[in-house]
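Work through the exercises below with the structure in view. Each task is followed by a solution in steps.

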Amino acid sequence: MSTKAYVPDVVEALEFTTEDTSSYIHRATGRVVTISHEDMRFAEDRESETSDLPDWRKNTVAEALEVLASEEWLPLPSKFELHEWKLVDDFVRTLADLSDRKELADAIRGKGAFRQFKGTIRRLGLEDAWYAYKAKALNHIAREWL
């Protein structure tokens, strides 16, 4: 069975993936959900008892229960599988300006690389170029994965 999908939904889920969340796509409908690992653990431990939860959390736990109950849900690539540092490194290599390329290459090495990278692209006026590059790369990853 092929998976139906609206690529922008998959791209958005990939873009906002964190170490504390996982996203899933429903094979038949293409619906994409992102669930915190905390809510997933809660759903695994508590099965279906959610009456003591606040209303806002009941929905996310219900989604977690739905994902756990069916093999129709496929996990999207995790933050680890996306290799965001490689995306950053690839972006740096695309820059035509050699001084910008060197400065960014230095910024992404060592401790605090992502923070340094973001500060440097802001200072160099490359934020729009980075976000356009990242969106295109995530779109490619999503299409390839699907």
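**Exercise 1: the largest pocket**

Task: find which residues lie nearest the centre of the largest pocket, and where its lining comes from.

Solution. In this predicted model, 14 residues line the largest pocket, and Glu15, Thr17, Lys79, Glu84 and Lys134 are the ones nearest its centre. Next, take the volume, which is about 220 Å³. Then assign the lining to helices: α1, α4 (79–82), α5, α7 and α8 each supply at least two residues. The largest share, 4 residues, is that of α8. Finally, sort the lining by class: 8 residues are nonpolar, 1 is polar and 5 are charged.

**Exercise 2: the nonpolar cores**

Task: identify the residues of the largest nonpolar core that touch the most other members.

Solution. This core has 23 residues, and those with the most contacts to other members are Leu14, Phe91, Leu104, Phe117, Ile121 and Trp130. At least two residues each come from α1, α5 (84–94), α7 (113–124) and α8 (127–145). The most are given by α1, with 5 residues. A second, separate core has 11 residues, including Tyr24, Ile35, Ala64 and Trp73. Now return to Trp130: leaving out residues up to four places away in sequence, Trp130 touches Glu84, Leu87, Val88, Phe91, Phe117 and Ile121.

**Exercise 3: Val10**

Task: decide whether Val10 is buried or exposed.

Solution. Locate Val10 in helix α1, residues 7–15. Its relative accessible area is 1%. Buried means under 20%, so Val10 is buried. Beyond four places in sequence, Val10 touches Ala5, Ile25, Val32, Leu76, Ala142 and Leu146. For Ile25, 15 residues apart from Val10 along the chain, the C-alpha separation is 7.9 Å.

Notes: Residues numbered from 1 in each chain as written. Predicted model: local features only at pLDDT ≥ 70, side-chain atom pairs only at ≥ 80, totals over all residues. Heavy atoms only, no water. Buried < 20%, exposed > 50% of the residue type's maximum accessible area, 1.4 Å probe, protein only. Contact = heavy atoms within 4.5 Å. Core = buried A, V, L, I, M, F, W, Y, C linked by side-chain atoms within 4.5 Å. 1 Å grid on protein atoms, 1.4 Å probe; cavity = no way out; pocket = protein on both sides within 12 Å on 5 of 7 lines; lining within 4 Å. Points joined across faces, edges and corners; volume = space filled by probe spheres on them. Nonpolar A, V, L, I, M, F, W, Y, C, P; charged D, E, K, R; others polar.
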